[in-house]
Amino acid sequence: MLADHHTAATIAVKDLPKARKFYEQTLGFRPVREEGTEAVTYRSGDSDFLLYRSSFAGTNRATAATWSLARDLEQVVQSLREKGVTFEHYDMPHSTLRGDVHVMDGMKAAWFKDPDGNILALVGN
(Lines give C-alpha, C1' and ligand atoms only; values in the text may rest on other atoms or scores of the structure.)
Protein backbone atom coordinates (compact mmCIF):
# COMPACT_ATOMS: atom_id res chain seq x y z
CA MET A 1 0.00 0.00 0.00
CA LEU A 2 2.64 2.59 1.00
CA ALA A 3 5.56 1.01 -0.86
CA ASP A 4 4.66 2.79 -4.09
CA HIS A 5 4.79 6.26 -2.55
CA HIS A 6 7.61 8.70 -1.84
CA THR A 7 8.79 9.08 1.75
CA ALA A 8 10.97 11.73 3.36
CA ALA A 9 12.91 12.02 6.60
CA THR A 10 11.61 14.70 8.96
CA ILE A 11 14.10 16.21 11.38
CA ALA A 12 13.00 18.41 14.28
CA VAL A 13 15.09 21.49 15.09
CA LYS A 14 14.66 24.16 17.76
CA ASP A 15 16.35 27.05 15.95
CA LEU A 16 15.57 26.86 12.23
CA PRO A 17 18.00 29.63 11.15
CA LYS A 18 20.87 27.94 13.05
CA ALA A 19 19.93 24.53 11.61
CA ARG A 20 19.70 25.97 8.10
CA LYS A 21 23.21 27.40 8.44
CA PHE A 22 24.53 23.94 9.38
CA TYR A 23 22.63 22.00 6.69
CA GLU A 24 23.32 24.56 3.96
CA GLN A 25 26.80 25.90 4.73
CA THR A 26 28.39 22.89 6.43
CA LEU A 27 26.63 19.99 4.68
CA GLY A 28 26.03 21.74 1.34
CA PHE A 29 22.26 21.36 0.89
CA ARG A 30 20.09 23.87 -0.94
CA PRO A 31 16.45 24.45 -0.02
CA VAL A 32 13.84 23.30 -2.53
CA ARG A 33 10.80 24.48 -0.56
CA GLU A 34 10.39 26.86 2.35
CA GLU A 35 7.42 27.14 4.65
CA GLY A 36 8.01 30.51 6.30
CA THR A 37 9.77 30.32 9.64
CA GLU A 38 8.48 26.83 10.40
CA ALA A 39 10.09 24.43 7.91
CA VAL A 40 12.39 23.94 4.96
CA THR A 41 12.74 20.98 2.58
CA TYR A 42 16.00 19.87 0.99
CA ARG A 43 16.66 17.49 -1.91
CA SER A 44 19.25 14.77 -1.33
CA GLY A 45 19.82 12.47 -4.30
CA ASP A 46 16.37 11.34 -5.38
CA SER A 47 14.76 11.91 -1.98
CA ASP A 48 13.82 14.82 0.26
CA PHE A 49 14.15 15.64 3.91
CA LEU A 50 12.34 18.23 5.95
CA LEU A 51 13.66 20.35 8.79
CA TYR A 52 10.85 21.66 10.93
CA ARG A 53 10.71 23.76 14.08
CA SER A 54 9.75 21.78 17.20
CA SER A 55 10.27 22.05 20.93
CA PHE A 56 11.01 18.30 20.90
CA ALA A 57 14.12 18.70 18.72
CA GLY A 58 17.13 16.59 19.68
CA THR A 59 15.19 14.20 21.93
CA ASN A 60 15.61 11.21 19.59
CA ARG A 61 18.61 9.19 20.75
CA ALA A 62 18.72 7.12 17.55
CA THR A 63 19.74 7.92 13.98
CA ALA A 64 17.39 10.45 12.38
CA ALA A 65 18.69 10.28 8.80
CA THR A 66 21.25 8.22 6.87
CA TRP A 67 23.07 9.04 3.65
CA SER A 68 24.33 6.11 1.56
CA LEU A 69 27.65 6.75 -0.12
CA ALA A 70 28.70 4.18 -2.69
CA ARG A 71 32.34 5.10 -2.03
CA ASP A 72 34.40 8.02 -0.77
CA LEU A 73 33.09 7.75 2.80
CA GLU A 74 36.48 8.60 4.27
CA GLN A 75 36.86 11.65 1.99
CA VAL A 76 33.40 12.95 2.96
CA VAL A 77 34.20 12.42 6.65
CA GLN A 78 37.50 14.31 6.22
CA SER A 79 35.77 17.16 4.38
CA LEU A 80 33.12 17.50 7.08
CA ARG A 81 35.76 17.32 9.82
CA GLU A 82 37.57 20.21 8.11
CA LYS A 83 34.30 22.18 8.34
CA GLY A 84 34.16 21.60 12.08
CA VAL A 85 31.90 18.55 12.27
CA THR A 86 32.66 16.28 15.23
CA PHE A 87 32.02 12.58 14.73
CA GLU A 88 30.53 10.23 17.30
CA HIS A 89 32.39 7.11 18.39
CA TYR A 90 30.32 4.15 19.57
CA ASP A 91 31.34 0.94 21.29
CA MET A 92 29.72 -1.55 18.94
CA PRO A 93 30.23 -5.31 18.75
CA HIS A 94 31.95 -6.56 15.61
CA SER A 95 33.10 -3.05 14.72
CA THR A 96 36.55 -1.51 14.48
CA LEU A 97 37.03 2.24 14.71
CA ARG A 98 39.45 3.66 12.10
CA GLY A 99 39.69 7.36 12.76
CA ASP A 100 36.05 8.47 12.76
CA VAL A 101 34.79 5.57 10.63
CA HIS A 102 33.33 2.39 12.12
CA VAL A 103 34.25 -0.64 10.00
CA MET A 104 31.96 -3.67 10.17
CA ASP A 105 31.35 -6.74 8.02
CA GLY A 106 31.22 -5.31 4.49
CA MET A 107 30.13 -1.87 5.65
CA LYS A 108 31.54 1.40 6.95
CA ALA A 109 29.64 4.03 8.91
CA ALA A 110 30.21 7.39 10.54
CA TRP A 111 27.80 9.30 12.79
CA PHE A 112 27.65 12.98 13.70
CA LYS A 113 25.12 15.35 15.24
CA ASP A 114 23.48 18.49 13.97
CA PRO A 115 23.27 21.59 16.23
CA ASP A 116 20.14 20.20 17.94
CA GLY A 117 21.74 16.83 18.70
CA ASN A 118 19.95 14.89 15.95
CA ILE A 119 22.13 11.91 14.99
CA LEU A 120 22.99 11.74 11.30
CA ALA A 121 24.75 8.82 9.63
CA LEU A 122 26.93 8.21 6.59
CA VAL A 123 27.25 4.63 5.37
CA GLY A 124 29.26 3.06 2.60
CA ASN A 125 31.27 0.02 1.69
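## Aromatic pairs

Counting ring pairs in this predicted model gives 11 aromatic pairs. One of them brings together tyrosine 23 and phenylalanine 49, whose ring centres are 5.7 Å apart, with 50 degrees between the planes, a tilted arrangement. Tyrosine 23 belongs to helix α1 (residues 16-26) and phenylalanine 49 to strand β4 (residues 47-53), so this contact ties together parts that are 26 residues apart in sequence. Both tyrosine 23 and phenylalanine 49 are buried.

Another tilted pair is made by phenylalanine 29 and tryptophan 67, with 5.8 Å from centre to centre and 35 degrees between the planes. Here, too, distant parts of the chain are linked: phenylalanine 29 sits in the loop between α1 and β2 (31-35), tryptophan 67 sits in strand β5 (residues 63-68), and the two are 38 residues apart. Phenylalanine 29 has a relative accessibility of 14%, so it counts as buried. Tryptophan 67 is buried as well, at 13% relative accessible area.

## A cluster of rings

Which residues do the ring pairs join into a cluster? The members are Phe22, Tyr23, Phe29, Tyr42, Phe49, Trp67, Phe87 and Phe112.

## Salt bridges

Across the whole structure there are 8 salt bridges. In one of these, glutamate 34 meets arginine 20, with 3.0 Å between the closest N and O atoms. Glutamate 34 is in strand β2 and arginine 20 in helix α1, so distant parts of the chain, 14 residues apart, are linked. Arginine 20 is buried, because its relative accessible area is 18% and the cut-off for buried is under 20%. Together with Glu24, the residues Arg20 and Glu34 are linked in a salt-bridge network.

Arginine 53 and glutamate 38 form another salt bridge, at 2.5 Å from N to O. Arginine 53 lies in strand β4 and glutamate 38 in the loop between β2 and β3 (39-44), so this bridge ties together parts 15 residues apart in sequence. Both partners are partly exposed: arginine 53 has a relative accessible area of 41%, and glutamate 38 has 36%.

Finally, the side chains of arginine 81 and aspartate 100 meet at 2.7 Å, N to O, in a salt bridge. Arginine 81 is partly exposed at 35% relative accessible area, whereas aspartate 100 counts as buried at 12% relative accessibility.

Definitions and conventions. Residues are numbered from 1 along each chain as its sequence is written. This is a predicted model: local features need pLDDT of at least 70, side-chain atom pairs count only at pLDDT 80 or more; totals for chains, interfaces and linings use all residues. Side-chain values use heavy atoms; hydrogens and water are left out. Rings of Phe, Tyr and Trp (its six-membered ring) pair if their centres lie within 6.5 Å; planes under 30 degrees apart count as stacked, over 60 as edge-to-face and the rest as tilted. Helices (H or I, at least four residues) and strands (E, at least two) are DSSP runs, numbered from the N terminus. Buried means under 20% relative accessible area, exposed over 50%, partly exposed in between (1.4 Å probe, protein chains only). A salt bridge is a side-chain nitrogen of Lys or Arg within 4 Å of a carboxyl oxygen of Asp or Glu.
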